[in-house]
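Trainee: I have the file open and would like to go through it with you piece by piece. Can we start with a sheet and work outwards?

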Amino acid sequence: MGCCFSARIKAESPPRNGSTSNYVSKDEDTLSGLSSKVSLTSVPQTPRTEGEILQSENLNSFSFNELKTATRNFRPDSVVGEGGFGSVFKGWIDEQTLTAAKPGTGTVIAAKRLNQEGFQGHNEWLAEINYLGQLHHPNLVKLFGYCLEDDHRLLVYEFLPKGSLDNHLFRRASYFQPLSWGIRMKVALDAAKGLAFLHSDEAKVIYRDFKTSNILLDSNYNAKLSDFGLAKDGPVGDKSHVSTRVMGTYGYAAPEYMATGHLTKKSDVYSFGVVLLEIMSGKRAMDKNRPSGEHNLVEWAKPYLTSKRRIFQVMDARIEGQYSLRAAMKVANLAIQCLSVEPRFRPTMEEVVRTLEQLQDSNDSGSVGSSRDQTVRKSHHSSSSRSRSSSGARPHRRSMNNSLNGEGTSNPKPSASPLVT
């Protein structure tokens, strides 16, 4: 689930902990607020064998023919997404028997089919089963089961009809209306809760690929994290980090992780800061179609985030008037903290959740604000509109990003896994 601008990055240096990886990217250029529904089987501190992973009592094993029937023979018009892992097909299964059902009846599923090309693809497929077979939370996508038959490997998820956050923020098609400020803040909070759960002492998981295309939305815009192929167990004992080959998505990966391969929970926090900035601005983390100096969103936006008069140059013009200056500055301050170059200055995801909950509970979350706030906004947008028209900035290229499932996902763009420069 990648995008044409924030492509995954491949580290050419060998792993720092002596482990090996056979993965080669196909892309050229990815607790507060816990619900009573949360459940998990404690993640073992020692790696489980493939047999142990596949024997999870929480998952169902589907036959290839069952999924073939459920997706209408993997018809092209059933494709709702595509990534480096493979294509995602919409299908239907019976709620009770979990066998294939007629289209439009039973439970809607998203079946992700692995491209039969690489050993690392199997590893990522297994990693998703390992984590989603044990971890259950309202803000994690639900995995119904898998298929392992001959060379066929598939994953079967719940279907989330609104697709990815990436589509809603960056696509300009008529069927994607701009998300309101209130919904954006709700999605940010939901995603933060998902990450906070993964970072909790019970789970101790580092997500490693937090980005807008991996945040899926249900019909009520409840957000859920998907794609756990790059997730890693957190450090154990007195270790401060996990040493690993650099993998993730360019534009989202934390600078210290890219430089050293040292992975911590704070690496995810940095990625959350990037996504929060995308939510505020409606701009991609990386976009070479933007004017010179604006290709990297974080580098461009940081100087504006601390200024009450300049913050509106960052904010998405499509949601003008839906938030107060105070609310914009609170979210901007949170983004700045998450994007701190020094990891120890970044907040924990539990702290991020509390901050967003406080914002949602306050009168600032969706209010228009004072007359002074509105004057500042109108003054800025008037001048920025003139600036854009005089600068002759090129229009944004239409996004080719995709979601695991959901609406408006035709002609998707594949993604990869290692960070590719």
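Mentor: Keep in mind throughout that this is a predicted model.

Trainee: Is α5 mostly covered or mostly open?

Mentor: Mostly covered, since 16 of the 19 residues in α5 count as buried, which here means under 20% relative accessible area.

Trainee: Switching to charges: how many salt bridges does the count come to?

Mentor: The count comes to 11 salt bridges. One of them joins Lys224 to Glu158, with the closest N and O atoms 3.1 Å apart. That pair links distant parts of the chain, as Lys224 sits in strand β12 (residues 223-225) and Glu158 in strand β8 (residues 152-158), 66 residues apart.

Trainee: Buried or exposed, those two?

Mentor: Lys224 counts as buried at 14% relative accessibility, and Glu158 likewise counts as buried at 14%.

Trainee: What does Lys112 pair with?

Mentor: Lys112 forms a salt bridge with Glu128, and their closest N and O atoms are 2.7 Å apart. Lys112 lies in strand β5 (residues 107-114) and Glu128 in helix α3 (residues 119-132), so this pair ties together parts that are 16 residues apart in sequence. Lys112 is buried, with a relative accessible area of 2%, and Glu128 counts as buried at 1%.

Trainee: Where does Arg75 stand, then, and what does it meet?

Mentor: The side chain of Arg75 meets that of Asp77 in a salt bridge, at 2.6 Å from N to O. Arg75 counts as partly exposed at 35% relative accessibility, whereas Asp77, at 52%, counts as exposed.

Trainee: Which residues are linked with Arg184?

Mentor: Arg184 is linked with Asp316 and Arg318 in a network of salt bridges.

Trainee: Back to strands. What does β4 pair with?

Mentor: Strand β4 (residues 86-93) pairs in the antiparallel sense with β3 (residues 79-82) over three bridges, and with β5, again in the antiparallel sense, over eight bridges. β3 and β4 form a hairpin with three residues between them, and the bridge partner of Glu82 in β4 is Ser87. On the β5 side, Lys90 has Ala110 as its bridge partner.

Trainee: And how many of the residues in β4 are buried?

Mentor: Seven of its eight residues are buried, so by the under 20% cut-off this strand is mostly covered.

Trainee: Last one: what is the reach of α9?

Mentor: Helix α9 (residues 325-338) has 14 residues and reaches 20 Å from first C-alpha to last, close to the 20 Å expected at 1.5 Å a residue. Its buried residues include Leu325, Met329, Val331, Leu334 and Cys338.

Definitions and conventions: Residues numbered from 1 in each chain as written. Predicted model: local features only at pLDDT ≥ 70, side-chain atom pairs only at ≥ 80, totals over all residues. Heavy atoms only, no water. Buried < 20%, exposed > 50% of the residue type's maximum accessible area, 1.4 Å probe, protein only. Helix = DSSP H or I, 4+ residues; strand = E, 2+ residues; numbered from the N terminus. Salt bridge = Lys/Arg side-chain N within 4 Å of Asp/Glu carboxyl O. Pairing = 2+ DSSP bridges. Expected span 1.5 Å × (residues − 1).
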